[in-house]
Amino acid sequence: MMEFSKSWLPVGIVTVMFFLNSCKTEVPDSDLTYSEYITQVFEYVYGPGQHAVIAQSTDTANFTGEPGNGWLYLGGFGGYVVAGFDHNIYNHTGADFEVLALQGAMPEPAVVYVMPDTNADGYPNDTWYELKGNQFENSKRNYWVKYSKAANAESNITWVDSEGASGELISGYGTATSAGWWWPGTTANDITLRGTRLPDSYENNPVNGSQYWTVPKDRFTWGYAENNYGTDFDATSWGNKLDISNAVDAAGNPVELTHIRFIKIQTAVFQQAGWTNEVSAELRGARELK
Ligand SMILES: [Ca+2]
Ligand SMILES: [Ca+2]
Ligand SMILES: [Ca+2]
């Protein structure tokens, strides 16, 4: 990388640098303000789905700060984002933070995991805890799907899962095959995505011989992101209000967390519902609730 001395830089940049340097020394800690929104995205993987080509790595900016016009596509089952607040979110009585989603007609539920910064290094390298929701007893934990890139444009993405099942991703709308559902950010020819799998969300009740897909209102009632049928849903923020007290450990047993710093949100339904295609969450960030 080329090096620049300060004398090369335009006056404006030097002024900004001076300003930043002076901020460092002159603002007392007690005056620091923290953001109520996510401030950093650490990892993002789009799960195979119909928006693979338009889902950009830079869309992670749409998951930080106050929601603007954009959003972040998680894609189909297993697609996820790992992000953090700039301070601890404490577990007080009731909901502690909300996950904001793109407005849509029906739920495309994602499971939310939380992590305290146990080793206090500012990075999500500690232990994840799943927040359970109403389908906890009916979900498959430690489930995985290994997807393989389509052999060519005329064929489909194929998959095998942790239960020995296999199949192809079927495009029901937009393109003849699912070949184009492979995210350009996934440079390998296959990818294994692991997490909790929720029950299928959509049911098809054909009308006059045509597909008619709906999500039963009582399927996802609380505890998930992008769930506008939840009792924890706020139609003003288009967010689901989540409680750290619902955290469970790897064995599924409740854990008491006093606070968390990081969240991971992962598309948790593995279903291609006819013309609706894959069930895939679209998100706009998260906000602390006080
Ligand atoms: Ca709480
Ligand atoms: Ca850490
Ligand atoms: Ca979607």
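Trainee: In what order do the six strands of the open sheet run, and how do they pair?

Mentor: Keep in mind that this model is predicted. The order is 1-3-16-5-6-15, and the pairing is antiparallel.

Trainee: Which are the edge strands?

Mentor: An edge strand here pairs on one side only. The two are strand 1 (40-45) and strand 15 (247-248).

Trainee: How many bridges join strand 1 and strand 3?

Mentor: Five, with strand 3 spanning residues 80-90. Take one pair as a landmark: Val41 stands opposite Ala83 in strand 3.

Trainee: What joins strand 16 to strand 3 and to strand 5?

Mentor: Seven bridges join strand 3 to strand 16, antiparallel. There, Tyr90 stands opposite His259. Strand 5 (residues 110-115) is joined to strand 16 (residues 259-267) by six bridges, again antiparallel. Val114 has Ile263 as its bridge partner in strand 16.

Trainee: How do side chains sit in a regular strand?

Mentor: In a regular strand they alternate between the two faces of the sheet.

Trainee: Where does Arg261 lie, and is Arg261 buried or exposed?

Mentor: Arg261 lies in strand 16. Arg261 counts as buried because 20 C-beta neighbours fall inside 10 Å, and 20 is the cut-off. Leaving out residues up to four places away in sequence, Arg261 touches Gly84, Phe85, Asn88, Met115, Pro116 and Asp117.

Trainee: How far is Arg261 from Tyr123 in sequence and in space?

Mentor: They are 138 residues apart in sequence, yet 9.1 Å apart in space, C-alpha to C-alpha.

Trainee: Which residues touch the most other members of the largest nonpolar core?

Mentor: That core has 62 residues. Leu74, Val81, Val112, Val114, Ile265 and Leu283 touch the most other members. Now look at Leu74. Beyond its neighbours within four places in sequence, its contacts include Tyr46, Val81, Ala110, Ile265 and Leu283.

Trainee: What is the phi of Glu226, and what is the phi of Trp238?

Mentor: Phi of Glu226 is near 50°, a positive value. Phi of Trp238 is near 55°, also positive. Neither residue is glycine.

Notes: Residues are numbered from 1 along each chain as its sequence is written. Chains are lettered from A and ligands numbered from 1 in the order in which they are written. This is a predicted model: local features need pLDDT of at least 70, side-chain atom pairs count only at pLDDT 80 or more; totals for chains, interfaces and linings use all residues. A nonpolar core is a set of buried Ala, Val, Leu, Ile, Met, Phe, Trp, Tyr and Cys residues joined through C-beta atoms within 7 Å. A residue is buried if 20 or more other C-beta atoms lie within 10 Å of its own, exposed if 12 or fewer, and partly exposed in between; C-beta atoms are placed from the backbone. Two residues are in contact if their C-beta atoms, placed from the backbone, lie within 7 Å. Two strands pair if DSSP finds at least two bridges between them. Helices (H or I, at least four residues) and strands (E, at least two) are DSSP runs, numbered from the N terminus.
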